[in-house]
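Please read the following note alongside the coordinates.

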Amino acid sequence: MASGVAVSDECVTKYQELKLGKSARYILFKLSDDLKEVVVDKVAPSDTPYKDFLDSLPANDCRYAVYDFEFTAEDGGQRNKIVFVLWAPDSAKIKPKMLYTSSKADLRKKLVGIATEVQATDRAEIDHDAVLEKVNRK
C-alpha cells in the first residue's frame, strides 16, 4: 500500500464475478469518502453498451474501472479482454488524481487477469476505437 489506501474485499469479489461468471460488463471503483479504501461504485449488467460506460465516468472526478471488452480480432474471431482503466480527467482536483495514481498498483495486484491498461485524462483516450487499438496490439 504505497499510498496507504486499502482495497475492499468486495472489489475482488465483484471482479471475479465479471471475469469468471461474465455477470457484468464493467465495474467502477472509487475511493471511499474518507479516502482510506477502494470500494465498488457501480456494477453494470453484461448487456450494457460501451456508451453507457463512458457516460458513467464522472466529468470532474477520478475512477478506476474494469471493462470486459468484446471485439472482433483481425482474423475475424470474437475476443474478450479485460481492460483496466484509470480515469483521471484534467478537470479533477490534484489531490484525488495523486491518490488514484499512487493507489493504482495496489488495486491492480488484486485483480489478476487484466489484459490491457488504459490511463485516460479525456474522452478521446477512452473512446471505443482507442481501446480497440490497444487490445489489438500484440
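1. Asp41 and Arg63 form a salt bridge through their side chains, with an N to O distance of 2.9 Å. Asp41 lies in strand E3 and Arg63 in strand E4 (residues 63–72), so the contact ties together parts 22 residues apart in sequence. Asp41 is partly exposed at 31% relative accessibility, whereas Arg63 is buried at 11%. The model is a predicted one.

2. The count of salt bridges comes to twelve. One of them joins the side chains of Arg108 and Glu117, at 2.3 Å from N to O. Both ends are partly exposed: Arg108 has a relative accessible area of 26% and Glu117 one of 24%.

3. Arg137 pairs with Glu133, with 3.5 Å between the closest N and O atoms. Arg137 is exposed, at 51% relative accessible area, and Glu133 is exposed at 51% as well. Elsewhere, salt bridges with shared partners link Lys30, Asp41, Asp61 and Arg63 into one network.

4. A surface patch of negative charge is made up of Asp9, Asp33, Asp34 and Glu37. Glu37 belongs to strand E3 (residues 37–45) and is partly exposed, with a relative accessible area of 30%.

Conventions: Residues numbered from 1 in each chain as written. Predicted model: local features only at pLDDT ≥ 70, side-chain atom pairs only at ≥ 80, totals over all residues. Heavy atoms only, no water. Patch = residues over 30% accessible without salt bridge, like charges linked within 9 Å, V, L, I, M, F, W, Y side chains within 5 Å. Areas by Shrake-Rupley, 256 points an atom, 1.4 Å probe, with all protein chains shown as cover. Salt bridge = Lys/Arg side-chain N within 4 Å of Asp/Glu carboxyl O. Lys, Arg positive; Asp, Glu negative; His and termini not counted. Charge placed at Lys NZ, Arg CZ, Asp CG, Glu CD. Helix = DSSP H or I, 4+ residues; strand = E, 2+ residues; numbered from the N terminus. Buried < 20%, exposed > 50% of the residue type's maximum accessible area, 1.4 Å probe, protein only.
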